[in-house]
Amino acid sequence: MVNGQGTTVQETVDSHYVNDEGVIHAYPDNRESEYLSESLGLYMEYLLQVGDEGNFAEQAAILNDRFMVETGGQVFIPWRLYEEANVNALIDDVRIAAALEGAAEKFKEPGYLELSRKIMSAIEDRQHQQGTAVDYYDWSYKLAGNRITLSYLIGELTVLPESFAMLDTGETEVFFPEYYDFDEKQYMKSDEVHMIDQLLIAVNRFGQGIESPEFESWLIEEWGSNGQLAGRYDRETGKPTVDYESLAVYYYLWQYFDRIGQQEFAKQAMQRAESVAGEELPGELHFFDYIHYQMMMDEQ
């Protein structure tokens, strides 16, 4: 996959997003920005998508050498490196495990499957409340978190399958609650909704056969009227609260439109993303936006 400047995505990542040890930082050319397990997992997902066996092997080695911590008979992936972090993040671990499982098959490397199973085993063993997956496990206090963020319940979560029942919130509003609090025993909502979360929840629900008619109608109307989607909206009014657009939002918008059979809108979302991205990549793009955009462009 080639960027606007005629360089490959891998070359751009190597020249703008990694430190001397090959570990990805969040913002281009800023080694003081965070080093996240999220970035590692997303890059592994991209490299698997494009079939780059060599670079995938390098990232798997970084995962094994720098991120994975063995403790109490299980493995722990801190959500960030170089700073005190005693918790992991469910969605990042699941994404990494799924990429490893896919790579084991695609690249005929059984060691990846072993790594994947270690990661999922820790989730199954520790990271749940009443059989439902939770956002994190605190390895210093040996405590599972008290909530599940609905956007984290991606289809690649192959353990604790009863967790997916949490996506069926029983709500009939346009926007979904963000998470379920096990202490409060209720779903929690913010006044301002982030479209990455909302679209991911909608995609997750679709994957579990749960329809989202109110959200879908609102989204089609918003897109049909404006041809763009803001990064955040007011839960009550359904109006944008910011004027920025996000390439990661467009990735999930494209994915959702494609899945619900709105192929023309999916194509428009991709075109809008190209327009927003322009030619100067990566610019100031957070790795999350940059790599989601590249994953979408690879599907053209």
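**Aromatic pairs and the nonpolar core**

I'll start with Phe56, which touches Met44, Leu47, Leu48, Ala99, Leu100, Ala103, Phe107 and Tyr112, leaving aside residues up to four places away in sequence; contact here means heavy atoms within 4.5 Å. This is a predicted model, where local features need pLDDT of at least 70 and side-chain atom pairs count only at pLDDT 80 or more, while totals for chains, interfaces and linings use all residues. Residues are numbered from 1 along each chain as its sequence is written, and side-chain values use heavy atoms, with hydrogens and water left out.

Phe56 and Met195 touch the most other members of the largest nonpolar core, which has 96 residues. Such a core is a set of buried Ala, Val, Leu, Ile, Met, Phe, Trp, Tyr and Cys residues joined through side-chain atoms within 4.5 Å, and buried means under 20% relative accessible area, with exposed over 50% and partly exposed in between (1.4 Å probe, protein chains only).

Now the rings. The whole structure has 23 aromatic pairs. Rings of Phe, Tyr and Trp (its six-membered ring) pair if their centres lie within 6.5 Å; planes under 30 degrees apart are stacked, over 60 edge-to-face, the rest tilted. Tyr43 and Phe287 are edge-to-face, because their centres are 6.0 Å apart and their planes at 85 degrees. Both Tyr43 and Phe287 are buried.

Trp218 and Tyr233 are also edge-to-face, at 5.0 Å centre to centre and 90 degrees between the planes.
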